[in-house]
Structure formats: structure tokens, C-alpha cells
Protein chains: 2
Amino acid sequence: MKFEFSNPTRLIFGAGSLSRLGEVVSRMGTRALVVTGGGSVKRNGTFGRAVASLAAAGVSVVECSGIEPNPRITSVARGAQIARDEKCDIVIALGGGSTMDASKVIAAAVYYDGDPWDMIYHGQEKLHVPTRALPVVTVPTLAATGSEMNCGAVISNAETSVKSFIQNECLSPYAAVVDPELTLSVPQDQTAYGVCDLITHVTEGYFNGVDGTPIQDRFAEGVIQTAMEWGPKAVSDGGDLEARAQVQWASVVALNGWVQVGTNFAAPVHMIEHTLSAHHDITHGAGLAVVNPAWMRFAARVRPERFAQFARRMFGRPAGQDDLSCALEGIDLFEQFLRSIGCPTRLAEMNIGDDLLARYAQDTLHIAGDGNGRLPGRPLMSEADIVEVLRSALK
Amino acid sequence: MKFEFSNPTRLIFGAGSLSRLGEVVSRMGTRALVVTGGGSVKRNGTFGRAVASLAAAGVSVVECSGIEPNPRITSVARGAQIARDEKCDIVIALGGGSTMDASKVIAAAVYYDGDPWDMIYHGQEKLHVPTRALPVVTVPTLAATGSEMNCGAVISNAETSVKSFIQNECLSPYAAVVDPELTLSVPQDQTAYGVCDLITHVTEGYFNGVDGTPIQDRFAEGVIQTAMEWGPKAVSDGGDLEARAQVQWASVVALNGWVQVGTNFAAPVHMIEHTLSAHHDITHGAGLAVVNPAWMRFAARVRPERFAQFARRMFGRPAGQDDLSCALEGIDLFEQFLRSIGCPTRLAEMNIGDDLLARYAQDTLHIAGDGNGRLPGRPLMSEADIVEVLRSALK
């Protein structure tokens, strides 16, 4: 274990914390670009309450609405232009992962005259690495991506069907105002996809990190156990605030670095899914529910002992069983859990067939490959491996 | 769960990271006050390597040596005076918990003209709350207190036999350079006391926090399990770098806030132990090994279900057993673990008798009481309760 870690984001967590937004924002800015998605925050009153809190603290508001579910670089450019024109000094993300991700990149794009797509890693010759950004305050309305308290963002380019990421310390939000009440109105399917998303953040580190990180193993297992305990409650009764709070807290720690620190992990399941959602505009968490169990079965053949540990600790599988049988039983149980909360686990359920499997694999390797035609992770994956995994998830 | 959390300290972890000290310090300062303890860092070469790294980065050094194992406020005043006289712009703590705690308070005392004891909470009428401090870089040479990555400090007043604390965000270290190699020469007994100290940080939150924090429960259990797995290896073979690294990582996360966040916990065992070490100058971790199991047996009678959960998850006790029996068996096993690594578990082993039990209880309540003669925790403790716990730990 050898690593450097920093997460300066101030976290304000708890039911009702939206009322503190103005106070928090006013420490860093007076004119806020408020970034939103498709309009649900206006319909359910969240936007109005946020603006009232800001006004009471003397913060004026400029809007940038209409961020897409898979946020597009064109929206980032539009938001940055508004922020510049209106002389905003802070960006507030009021929405789900896509809104938060777009907001972070908008905050950096304000200081960059070129095409913001230059900042998103997509295999280009010359990456533009930002060194500063407007302060960002995230207000998640969905428990899923963990974007509220980390310095990463995933952005799509609709022209080229590429979905890829940026990760840079200057994108760390100044603060995250995490109010589980804002998630009470999230529909059942999106709630389930969020649970799958947060669990997948944890499994990526657990299965693709370095050896010898026993505390991180335990933290990962703790987050998954909690998500599997409370996730179904949030799915079956969206109005259960306690369940909403537990799931949202799980989603925060699933990707704020506490669980994966020191694991130096790769995220092959995310990389493959990004290609699927770039082509088909599916919900990220739903795509993960399809790819993750299929990937697990592939990877378990190479490292059965690791997947057997997962099966034993998560599902109480007996110690005597041979590792591979134990591993595969654990993966079956995990897939059953995803199905039980309403996630798809086969491509056919999302109307994705087998005609582009090679293309998905090639795109994945183009964006996230190691330069030698392999996708990082444990094990490294070739194009044929990726096709095999996707093929196993067809129906 | 309702809380605000921020931990801005940058963590640089891993064997060999001492060589990065100069690079890290030079981002924030050019003239460093290097604070050390009894001289072991000079004898074993750590000081020389630190100064060489600093010199290579253009950072000059002023020394403040001789911080006591229970650091005294007089040493804090002395360090602050040196920092002022020598115009230091950064403080480096090179030592154990006492050196790190003294360094944090020195960094704040530089900006305060009064007696630095005014900043340490000890029941005084007017507490001086610091608002700024020199940047601090911690370099722990012992895995124990977790002081390297939090904003707390514990300071003693030899004149009044009072040991108490300060906690303030401006005391957060800028960076922690955590190099497990520096702990290779820690003697067996101090290694064991460090393991006990870190575990006790976790048990305080686990047993004295609010209900309904399932992720924090799992994180706490993970740290304790890891400390119980790797601690004995570090104790029995001090040269085992892997064990040293695991124990040190456990000690960092045991008190950097990740485990206790949102639990709003009290620390009755620490408060009682502080009084003991103020009177008898014993090692904090050794005192905790005596007080913690005794306190657990007291508290388990009030909340057997909580202690039964601990016994079941930590020691695999069967689910069918009644809670109180299960709880008490778990506490016995925990105490056996402490004994197995060489910790004392009775006051007599530290030559502390029963003549001052009431005084310890009164002092504890004077410093840490709730104003109504009760010590915060679950359950609240009266003077008689504290005496009862200490009496049960006599022999």
C-alpha cells in the first residue's frame, strides 16, 4: 500500500440540510450558476426551496437547465458560456450524477478558452489538464453516482458516441449538501439503478485493486451489506426516509475514496458500460446491473479465491466449499439480489442485441485500453474477452 | 444521522514516504519548526533523513525537542515562542501522538498572546477558541493516536494534574506523511499499547454513538478485525513491515473521522483514562487497556444487545445465545486479546491502588462532565459509576 489521498469536500448530510444551502454557498460566492437536469427539481419544489435559501443568504442565481441523463459536452460548453457571460463566481449542481458531473466540468471550462472536450480523456493526442475551477457545491437529488464528494466526472459526446471521464483535484466540490429528503420522489426503477451503481463502485475496487488491503476489503463489504439491507426498503417504499438516508450515505462513501483508497483499482465494468450507454443512452446503473455479474463470472475463473471471499462474507457461504463453486454461487446470489430490486441483468431487457458486440469492445479499448489492446483490471481483458462477457449477458 | 464533516488533511502513506517530506513541506513553508520528543528520532536516524529531505527542498529547520510522553502546556508555550522568535512559517511534528498534539497547539499558540492553556478545554469560564494556526505537517513514528490526520490534541497541565483536549478545524494538519518504516523500531510494549489505543478509538464510537449507523458499525468492525489480525504480528515481530503498515493504516482511519462520522459519539473511556494518566503519567494506551474492558462490562448491563452484536461479529459468537451472556463472553475475549499482546488489564499492574478512586472520578467529571454531574456516553455515568468501573479493574 502506497498512495496519496486528499478529499477536501465539506459534507453536510441529513434530512433538511437543503435549508443550509445559502449559508454554505455564501462562504464562497455571491452569484451562482444553478445547474439542473430535466426539470423534476422544479416540479417537486426543490429548485424553489434552494433559490429561497440562496436569496436569504444574499446569493443571486443564474440558471442552466436541461442537462441530459448522460450529460453532453455541448451542455458543458453552454453552461460555461452562461457562467462567463453572467459573471458567476460559484456553480451549484442541483440534480443527479449527470448534473453534478456536468457542473464540475462547467466550473473548469469557465477558465478554458478551447473546446471543453479537450479536458475529457478519450484517447486524444493532447489532453488539456485543468488547473483551476470555480467552486462547486453539489446537491444530489439521487443516491447513485457518488459524484457529490469526489473529483471525477463522466461526460458524453453525442457526435462521436463516446462517453468518457475526467478526474482532477481542482474539480473537488467545495461542499456537498446531501439531503435524503430530496430523494423521496425518485421513482422505483431509478432508485434500484442507484443501488446497483453504488454497489458497483465498491465491487470494482474490491475485485480490481491490489492485494493486501484488509481494511478496504472490510469497508467495501460493509457498504455492500448496508446497501443490500436498506436498498430493497428504499425501492419498495420510496417514502421511507430512514431507508433513503442509509442508501444515500452508502452512495456517498462508495465513491468518495474512503473505500478504495490505496487499492489502485481499475474499473473495467464501468468502462464497458460507458460504451453501452454511449451507444444506447441507457441508464448507467441499469447497464452496470447487466455487465457486472457477467464480468464477475469471467473474472472469478481467474481469481476464484477472491470471489469466494466475497461469497462467504456477503452471503455466509460455508468455508469448506471449493473456491470456484463458492464464487459462482455468490455471483448467482448477487445477480438474484439485483433482479429482486428490479434491475435488468440481460442486454435483451434493454433491447440491445449482438450486432455491435465487437464495436462495443473496440470502443471500450480505444478509450480505456492500456495501449496494448488490453482493458485494465484483474484480469486484463482483450477485445475477445469483452465480447465474451457481453455475449454471456445477451439473454 | 445528521452531521457536517470535513477532513482536508492530505495523506501520503507508504513505506519510504519520509523521502517526500521536503517536497510536501515546501508547498506551504520555507522555515520549519521541527518538533520532536525524547530523542529516539535522532538516535535512529529519522531526524537526519527528515532534515536532509527538507534541505534538498530548500526548507530550513529550527528545532523544538523534548516534548513529553504526556505533552505539557509549558512545552507548547516554549515551542510557540521558538516559532515566533525564529519566524517559522510551518510546523513539522516528527514523533508520536504527544509530539503531534503539541505541534498542533504550538501552531495555534503562535497567533495567541495569552497563556495557551486558555485554548485547552478544562472547565474554565472563558475558553479561547483559536481561528488560525501555522500549517502543520505530521510525520508519525508510532501507530496509535491517529493524531496525524485529525484536528484534535490532548495536552497536560503538570501543575494542576489536568489532562484535557482541544478540537478545532484550524488545527487540521495540512498533510500527514505516514511512513510505516518509521515504526519498525517501536518497542514491543509501545506497539501493543498503540494497537489498544487505536481499537479504543473505534470502540468509543461503536458503543457511545447514536443508533442507526450501520455503515459506521461495519467500518468500525473492519478496523478492529484488522487490528486484531495484524496487531499481534507487529507485536511479535517488530521488523514485519507489512504488519507495521496494516497497523498504522488502521490507526489512521481509527480516528480520522471516517469510522465515527455521524455517530455523534462520546468517549467516556478516554475521559476516565486521561485522569489516570494525568495523575500517574502512564502510557495512554496501557491505561485504556485497563479501563475499556471494565467500562464495557458496566455498559453491557444497560445495552446488552449492542455488546452482543460486537461479540457475534468480532468473535463469531452463536446467534442463539442470550444477549447479556454473549456480550460478557465477547468482552472476556476482547480482554484476553489485549492481554495476549502484552497490555495490562488491571490497575495493580500499573501500581495504581484504590486510594484516589473518588478523586479520579471527580476530576473526570470536572473536565468532561455534562454540567449535571454525569459523564457523557451510553449510559451516562455518575461519580459512583466511575468509581465502580475503576474498582472492578483494581486487581
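This is a predicted model: local features need pLDDT of at least 70, side-chain atom pairs count only at pLDDT 80 or more; totals for chains, interfaces and linings use all residues.
Residues are numbered from 1 along each chain as its sequence is written, while chains are lettered from A and ligands numbered from 1 in the order in which they are written.

**Chain A overall**

- The C-alpha trace of chain A spans about 65 × 45 × 45 Å along its principal axes.
- Chain A holds 14 helices and nine strands. Both are DSSP runs numbered from the N terminus: helices are H or I with at least four residues, strands are E with at least two.
- Of the 395 residues in chain A, 57% are buried. A residue is buried if 20 or more other C-beta atoms lie within 10 Å of its own, exposed if 12 or fewer, and partly exposed in between, with C-beta atoms placed from the backbone.
- Among contacts in chain A with a separation of 6 or more, 78% link residues 24 or more positions apart. Two residues are in contact if their C-beta atoms, placed from the backbone, lie within 7 Å.

**Two domains in chain A**

- The domain assignment gives domain 1 (10–183) and domain 2 (188–392) in chain A. Such bounds come from an automatic or database domain assignment.
- The centres of these two domains of chain A, taken over C-alpha atoms, are 26 Å apart.
- Domain 1 of chain A puts 24 residues into the contact, and domain 2 of chain A puts in 27 residues.
- On the side of domain 1 of chain A that touches domain 2 of chain A, the elements giving two or more residues are β7 (152–157) and β8 (162–167) of chain A. β8(A) gives the most to that side, with three residues.
- That side of domain 1 of chain A divides into eleven nonpolar, ten polar and three charged residues. Ala, Val, Leu, Ile, Met, Phe, Trp, Tyr, Cys and Pro count as nonpolar; Asp, Glu, Lys and Arg count as charged; the others, Gly among them, count as polar.

**How the two chains pair**

- Chain B superposes on chain A by a rotation of 180° with 0.0 Å of shift along its axis (RMSD 0.0 Å). The two copies are thus related as by a two-fold rotation axis.
- P8(B) has the C-alpha nearest the axis in chain B, 2.2 Å from it.
- The same surface serves both copies, as 100% of the contact residues of chain B recur in chain A.
- The contact between the chains takes 31 residues from chain B and 32 residues from chain A.
- On the side of chain B that touches chain A, at least two residues each come from β1 (3–5), β2 (10–13), α7 (214–236) and α8 (241–253) of chain B. α7(B) supplies the largest share, nine residues.
- The residues on that side of chain B are 17 nonpolar, eight polar and six charged.
- Strand β1 (residues 3–5) of chain A runs antiparallel to β2(B), joined by three bridges. Strands pair if DSSP finds at least two bridges between them.
- E4(A) has I12(B) as its bridge partner in β2(B).

**A buried residue in chain B**

- A93(B) sits in strand β5 (residues 90–95) of chain B.
- A93(B) counts as buried because it has 32 C-beta neighbours inside 10 Å.
- Beyond its neighbours within four places in sequence, A93(B) contacts several residues, including V35(B), M100(B) and V136(B).
- V136(B) is 43 residues from A93(B) in sequence, yet their C-alpha atoms are 7.4 Å apart in space.

**Backbone details**

- The peptide bond from R378(A) to P379(A) is cis, with omega near 5°. P379(A) is in the loop between α13 (357–368) and α14 (383–392) of chain A.
- In chain B, the bond from R378(B) to P379(B) is cis, with omega near 0°.
- S161(B) is not a glycine, but has a positive phi of about 50°. S161(B) lies in the loop between β7 (152–157) and β8 (162–167) of chain B, and counts as partly exposed because it has 14 C-beta neighbours inside 10 Å.
- N351(B), not a glycine, has a positive phi of about 60°. N351(B) counts as exposed because it has 8 C-beta neighbours inside 10 Å.

Notes. Copies are superposed by least squares on the C-alpha atoms of residues with pLDDT of at least 70 in both.
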